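Here is a briefing on one structure. It covers the interfaces and the confidence scores.

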Amino acid sequence: MAVSGSARPQRQAATTQFAERLYRRRRLSNAIALTLSCAAAAFGLIFLFWILWTTVSKGIGGISWALFTQPTPPPMAEGGGLGNAFFGSMVMCVLAIVIGTPLGIAAGTWLSEYAGARKLGTVVRFVNDILLSAPSIVLGLFVYTLVVAQMGGSFSALAGALALAFIVLPVVVRTTDEMLRLVPTQMREAALSLGVPQWKVITQVLYRGASAGIVTGVLLALARISGETAPLLFTAFGNQYWSTDLMRPMASVPVVMYQYAGSPYESWQLLAWSGALVLTTFVLLISLAARALLLRNRVPND
Amino acid sequence: MAHALATTPVRSRKDRRNDALFQYLLAGAAILVLIALTGAALSMLWGGREALLSQGWTFFFSTEWNPVENRYGALVPIYGTLVTALLALLLAVPVSFGIAFFLTEVAPVWLRGPIGTAVELLAGIPSIIYGMWGLFVLVPMMTEYVTPWLNDTLGSLPVIGVMFQGPPLGIGYLTAGFVLAIMVIPFICSIMREVFLTVPNRLKESAYALGCTRWEVVKDIVLPYTRTAVVGGIFLGLGRALGETMAVAFVIGNTVRFSPSLLEPGTTIAALIANDFAEATDTYRSALLLLGFVLFIVTFFVLAIARLMLSRIARKEGN
């Protein structure tokens, strides 16, 4: 009532002005945030393509048949390839998968089918999650003290494979656990009601239902270990020559890349980049295959 | 009929025995996961006992790292590990948040899938490739442009200036931090994106209906709802950055010498172990194992915090 006739429109004008300013400020901060977020996305993509482009442009010149057949050359020498390193990487990765997968599937099955609400189950799941992102160099040191030091300090391909298996293990445990829990309970109940013992339900019903997911987990683990360098440095070490002996040091692509990329010799650097190109292609193809496998078999549950 | 009745108990007994056997087998494998982690910790502590006994607590507080005279003070690698990881987070957290914001609210729907995939592929590239890229591409650029520029601008400031003065070597803490940032962006970003997607649509849509802008929805609805999980994701990235070896080993310079400048070469725990372990002899090897133990304990706590925070949002989700 105290407001006089002339003050009212004035105040109204002030309010509108205030609202206008507020509106403009909100629009402005929104526009700034959107621009920054687009810039962040562009930043991420630029670096992805930059890294891929560097790998391709520097590595493509070294891709040849000899890269896969010839052993690693001495410095300054012409020719040579990464044959023994590819072979060694393959042997150790396959061995790591062979060791890690059954153990991982078994532990993952226990977590999803038997652990229930047990405390031990929670602890194992927690520890597994930590192991999943633990620094790989730590696992290398573990295998070093566990195997290499016990065998009188002799590096071996077996120790390298074991170190990689410790990286495979948590990945497979996690995916097996998750994928088995996605299998509908009705399938378990239907099988159990027919009088099928639990272990047969798991191996013959649940594993079939979850097979695509478990294979995805193994593929992701393979993608991860094929580029692992740190744990191999003091387990499998490296070897200039062809070696098929599991108890001896063995070459691997990432370790050779580490040695060669840091060297001053151009021929070695070229080999390192060619190895990087092959490795990246391999890893990206495997990751894409794993994603495709998972997407194709995804159960629409909502 | 009589025959069937007679065989049933035998069969069920066999089934029960097989079931029990199967369960023990699986439980054994699960226990192995526990053993792996504790074994890793204990074996490094055991391997490092020699260094711990001879150096005592000075191991953690001395900056003198002298393998020739058997004196080991781990402060420099510990400092390097923390500094590079923090530098990485300083860059990676805002960028990851920006990308996650972009992928959940800003980008048109058809673009979200491909860009999300691309970012996740970036996470799959082996860390040694980042290291090589850092050494061959980033280091020359740092030498040529960034280091002189930093020297001229930030280097002349009073207090923080000393952090940005240094020779144009290109290698050092800053370069390592940058490479690490590029490496952890995909990790942090994909977790942020995942947790942003758990925000119930009706909350966001209510806010939009009230006239909120996209930024306001993210700032006032999405972030408060997911705060703990976002911090958990950041800690997960920190765990990665602390323990990363190959990407750092190429660009850090591997010098165990304390320097306040971010442009000087230094070292981190992981890089030092990777470089020296294979050639090290007894006490030196023991000191490196003890360093590995320190790294393990630090990452263990960081990752444990991360997981606890992430599990809280999973509970909110109801699974």
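There are zero salt bridges between domain 1 of chain A and domain 2 of chain A; a salt bridge here is a side-chain nitrogen of Lys or Arg within 4 Å of a carboxyl oxygen of Asp or Glu. Between chain B and chain A the count is two.

This is a predicted model: local features need pLDDT of at least 70, side-chain atom pairs count only at pLDDT 80 or more, and totals for chains, interfaces and linings use all residues. Residues are numbered from 1 along each chain as its sequence is written, chains are lettered from A and ligands numbered from 1 in the order in which they are written, and side-chain values use heavy atoms, with hydrogens and water left out.

**Domains of chain A**

- Chain A splits into domain 1 (8–62) and domain 2 (65–298), with bounds from an automatic or database domain assignment.
- Taken over C-alpha atoms, the centres of the two domains lie 40 Å apart.
- Nine residues of domain 1 contact eight residues of domain 2, where contact means heavy atoms within 4.5 Å.
- The two domains bury about 680 Å² between them, 80% of it from carbon and sulfur atoms. Buried area is the accessible area (1.4 Å probe) that two parts lose on being put together, summed over both.
- A:Thr55, A:Lys58 and A:Gly62 supply 59% of the area that domain 1 buries against domain 2, more than any other three residues.
- One residue pair across this interface is in polar contact (both at pLDDT 80 or more). The rule asks for a pair of N or O atoms within 3.5 Å; within protein, one must be able to donate a hydrogen and the other to accept it, and residues adjacent in sequence count only if both atoms are side-chain atoms.

**Interface of chain B and chain A**

- Chain B contributes 77 residues to the contact and chain A contributes 79.
- The buried area is about 7,000 Å², with carbon and sulfur atoms giving 79%.
- A:Arg26 pairs with B:Glu216 in a salt bridge, with the closest N and O atoms 2.7 Å apart.
- Helix α1 (residues 2–47) of chain B gives the largest share of the side that touches chain A, 19 residues. Helices are DSSP runs (H or I, at least four residues), numbered from the N terminus.

**Confidence**

- Chain B has a mean pLDDT of 87, and 96% of its residues reach 70 or more; pLDDT is the predictor's confidence in each residue, from 0 to 100.
- The model scores ipTM 0.88 and pTM 0.90.

Notes: Helices (H or I, at least four residues) and strands (E, at least two) are DSSP runs, numbered from the N terminus.
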